[in-house]
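Visitor: I have a new structure to look at. Can you walk me through some of its local features?

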Amino acid sequence: MKTLLFTDCVDLVGTTCKTFEGTKKYISTGAVNIDHIVESDVEIVDYSEKPSRANLEVKNADILFAKMQGTKKTLIIDLEKSEHIYSTGFCAVRAKKGILTERCLYHLLTSDTFLSQKDQNCSGATQKAINNAGLEKITIKVPSIDRQGEIADQLDAVVRIIKMCQRELNTLNDLIKARFVEVFGEPIKNPKGWEVHPIGDLVTEVRYGTSKPAVEGGKYPYLRMNNLTVDGHLDLSDLKYIDVSDDEIEKYVVRKGDVLFNRTNSVELVGKTAVFDLPEDMVIAGYIIRVRLKEMLLPEVLSQYMNLEALKDKLCGMAKGAVNQANINAQELQSIKVYVPDFGLQKQFVDFKEQVDKSKVVA
């Protein structure tokens, strides 16, 4: 197995700015969810008789991956997808024949080894991203062409199993959401007439995380915005560490029962909310708000409320900021009104959710 420079194994697809006929589907990074296009987020642009914005014009078998640090968005281009126009927020690559197969390249681009190197070589002030100079620093291990086929077959099988399990998990998540609305009612209309309060009236404390960077060998696990999932869970697969002095730790530590709110992210991800349910103390980054509730509202109920589609739409409308960066500050978070259901029903819902979560472990 040879160790080669990534850029020696692929051809990079450059950007273009040209006139197209009629309308085209314009695919931004926000219109891609991990490995597929979300049609509802696709922009339809009329390019007739005017040059387009700078974009990527890709071909069948090209592979796109998002340049931004901390994202795993990767898209294989087929004949249908090649008709679209793609944002320069993606990098487009083609496998060099005789060195790398398309299937092996895809699995490489989605591997932790490649993503780690990509993130390490990102640059930029606010939103870090990989550029051509950064790509030239990445090295990969390349087996023989024959061996690549065997490896790709094995990885394809693993991906199929993972997707099957993910579908089962998504079904269980949908069950929890449906049960929430069944018990408490639709959140905006509040058909059951529960008392409504701004979040600020329901908290004992709201606090931002630290802006300090992660360090090698840090004392505390460091939760960042990518550690919060869109469906309200913690993902610790890419966990960093940080040192915080003893006199500052209480400002930034999170403990079991705290609600975590992602205040800054891309527009479609801002507002991710999760309950910290681990026994070990951790520290939160500045893009996360720590919320501690009064006893009248359970953390799991607030988190589930904030992750309903109706609330996600509301948060998208509230979020403001740059094109690829949106923000909801602590004051705005506390202004959001939520209903406070009967406490006995809250406990029943939490018990139901815990039973479903146990089923996820089996799945």
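Guide: Start with Asn190, which counts as buried because its relative accessibility is 14%; buried means under 20% relative accessible area, exposed over 50%, and partly exposed in between, with a 1.4 Å probe and protein chains only. This is a predicted model, where local features need pLDDT of at least 70, side-chain atom pairs count only at pLDDT 80 or more, and totals for chains, interfaces and linings use all residues. Residues are numbered from 1 along each chain as its sequence is written, and side-chain values use heavy atoms, with hydrogens and water left out.

Visitor: Where is Asn190?

Guide: Asn190 is in the loop between helix H4 (145–184) and strand E14 (195–198). Helices (H or I, at least four residues) and strands (E, at least two) are DSSP runs, numbered from the N terminus.

Visitor: What about the phi of Asn190?

Guide: Asn190 has a positive phi of about 50°, although it is not a glycine. Most residues other than glycine have a negative phi.

Visitor: And Ile34, what is its phi?

Guide: Ile34 also is not a glycine and has a positive phi, of about 65°. Ile34 sits in the loop between strand E5 (32–33) and strand E6 (36–37). With a relative accessible area of 47%, Ile34 is partly exposed.

Visitor: New topic: how many aromatic pairs are there?

Guide: The structure holds eight. Rings of Phe, Tyr and Trp (its six-membered ring) pair if their centres lie within 6.5 Å; planes under 30 degrees apart count as stacked, over 60 as edge-to-face and the rest as tilted.

Visitor: Which kind of pair do Phe65 and Phe114 form?

Guide: Phe65 and Phe114 are edge-to-face, at 5.6 Å centre to centre and with 85° between the planes. The pair links distant parts of the chain, 49 residues apart: Phe65 is in strand E9 (residues 63–66) and Phe114 in helix H2 (residues 112–120).

Visitor: Are those two buried or exposed?

Guide: Both Phe65 and Phe114 are buried.

Visitor: Which other residues of H2 are buried?

Guide: In H2, Leu115, Gln117 and Lys118 are buried along with Phe114. They lie on the same side of H2 because they cover an arc of only 165° around the axis, taken from the directions from the helix axis to the C-beta atoms.

Visitor: What is on the other side of H2?

Guide: Asp112, Thr113 and Gln120 are there, and they are exposed.

Visitor: What do the buried residues of H2 pack against?

Guide: They pack against E9, helix H1 (102–109) and strand E13 (139–142), where contact means heavy atoms within 4.5 Å.
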